[in-house]
Amino acid sequence: MKAVNVGLLGIGNVGGGAYQILGMNAEKIEKAVGAKVNVTKILARDKNKKREGICPEMITDDPDEIINDPEIDIVVEVLGGVEPAATFMLSAMKAGKHVVTANKAAVAARYDELMKTAKENNVEFRFEASVGGAIPVLNAITTVLKGNEITEIMGIVNGTTNYILTKMTDLGLPYEDVLKEAQELGFAEADPTADVEGHDVANKLCILMALAFDKFVAPEDIPTKGISQITAADIEEAKAAGEKIKLIAHAKLEDGNLTYSVAPKRLPNTHPLAGVSNEFNAIYVTGNAAGELMFYGRGAGPLPTGSAVVGDIMEIAKLVK
């Protein structure tokens, strides 16, 4: 049986999650794909660090050992950040490798170039894990919903801010206290700016719009407001009106005009997104044929995000086996 070889650029949370899933579900994956899927090389900053369950000979600190290895079929980029991640992905495509990534910042920043380069080199480029972690919303938009005209997308696509707003709402705590707790629990970074000011959500909305409306809008061109100015008084005012405040990625197509924003919105308690709590994500999609749909699940974490990465690897592996 032919093997499909994978090179991992990064072995942090997401890379580690994908590696773990490929191991623990190896038999199921092999049966579904019709080929063994093997991770053969892994890029890491510290080549000599001991990693449980990973053969030290697989680790390299030279990305070219993966990008230019003729035996590697699929390159998985899970480094995060725009650079050098985007350059690595472009180089891999030019070397004839299929590419999978979970990196919303790099995909949003270099979307057109990445898509064009994949097409020019006749390789697959997949990035399901870049929006919503385990939630297969991008696949749905580009396959089973492709016959629809998508008219609206509303999403809670950042677990950190949703966790903070949930605790402020349920416990009546001030923003600063909940942010500190979220940082201690690992739900928020030491520098939470990208999350709490909405930049992470803007990256994800950029990707959703590009696929749903065939229109690329750079993240910096999306009107964006975060949650750092939300007060306990704002939360209580919304509660009194039977509403909850959520950080919403929103895009709507009306009379051929696409409007979009990232901002805290007051939603009626009866709205499906109002019931999405803590670190969970949800994307509410309206199509002119399918009607209203909601995709819900874990939007972050090694195994949930790794699940989407592995799904993309498997789809490509079926093509190259």
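**Fold and local features of a predicted chain**

The side chain of Thr-169 places a polar atom 2.8 Å from the backbone oxygen of Leu-165. This is a polar contact, defined as a pair of N or O atoms within 3.5 Å; within protein, one must be able to donate a hydrogen and the other to accept it, and residues adjacent in sequence count only if both atoms are side-chain atoms. The model is predicted, so local features need pLDDT of at least 70 and side-chain atom pairs count only at pLDDT 80 or more, while totals for chains, interfaces and linings use all residues. Residues are numbered from 1 along each chain as its sequence is written, and side-chain values use heavy atoms, with hydrogens and water left out.

Thr-169 belongs to helix α8, which covers residues 159-171. Helices (H or I, at least four residues) and strands (E, at least two) are DSSP runs, numbered from the N terminus. Thr-169 counts as buried because its relative accessibility is 8%. Buried means under 20% relative accessible area, exposed means over 50%, and partly exposed lies in between (1.4 Å probe, protein chains only). Residues up to four places away in sequence set aside, Thr-169 touches Ile-235, Lys-239 and Lys-244. Contact here means heavy atoms within 4.5 Å.

The chain as a whole was examined next. Its secondary structure comes to 13 helices and 11 strands. The radius of gyration is 20 Å, which agrees with the value near 20 Å for a compact globule of 321 residues. That radius is taken over C-alpha atoms, and the globule rule is 2.2 Å times the number of residues to the power 0.38. The C-alpha trace spans about 60 × 45 × 35 Å along its principal axes. Of the 321 residues, 52% are buried. Contacts were also sorted by separation in sequence. Of those between residues at least 6 apart, 69% join residues at least 24 apart.

The accessible surface of the chain is about 14,700 Å². Carbon and sulfur atoms account for 48% of this surface. Accessible areas come from the Shrake-Rupley method with a 1.4 Å probe; for residues, only the protein chains shown count as cover. The chain holds 32 positive and 44 negative charges, and their mean positions are 4 Å apart. Lys and Arg count as positive and Asp and Glu as negative; His and the chain ends are not counted. The place of a charge is NZ of Lys, CZ of Arg, CG of Asp or CD of Glu.

Glu-65 is found in helix α3, residues 64-67. With a relative accessible area of 36%, Glu-65 is partly exposed. Beyond its neighbours within four places in sequence, Glu-65 is in contact with Lys-41 and Thr-60. The side chains of Glu-65 and Thr-60 make a polar contact at 3.1 Å. Glu-65 and Ile-42 are 23 residues apart in sequence, and their C-alpha atoms are 9.3 Å apart. Leu-79 and Pro-56 are also 23 residues apart in sequence. Their C-alpha atoms are 19 Å apart.

Leu-79 lies in the loop between β4 (74-77) and α4 (85-94). Its relative accessibility is 35%, so Leu-79 counts as partly exposed. Not counting residues up to four places away in sequence, Leu-79 touches Leu-9, Gly-10, Leu-43 and Phe-88. Pro-84 lies in the loop between β4 and α4. A cis peptide bond joins Glu-83 and Pro-84, with omega about 5°.

Most residues other than glycine have a negative phi, and most peptide bonds are trans. Asn-122 is not a glycine, yet its phi is positive, about 55°. Asn-122 lies in the loop between α6 (111-120) and β6 (125-126), and counts as exposed at 69% relative accessibility. Asp-214 also has a positive phi, near 55°. This residue is found in the loop between α11 (199-212) and α12 (232-240). Asp-214 counts as exposed at 73% relative accessibility.

Met-294 lies in strand β11, residues 291-298. At 35% relative accessibility, Met-294 counts as partly exposed. Its contacts, leaving aside neighbours within four places in sequence, are with Pro-272, Leu-273, Val-276, Ala-282, Ile-283 and Tyr-284. Met-294 and Tyr-163 are 131 residues apart in sequence, and 19 Å apart from C-alpha to C-alpha.
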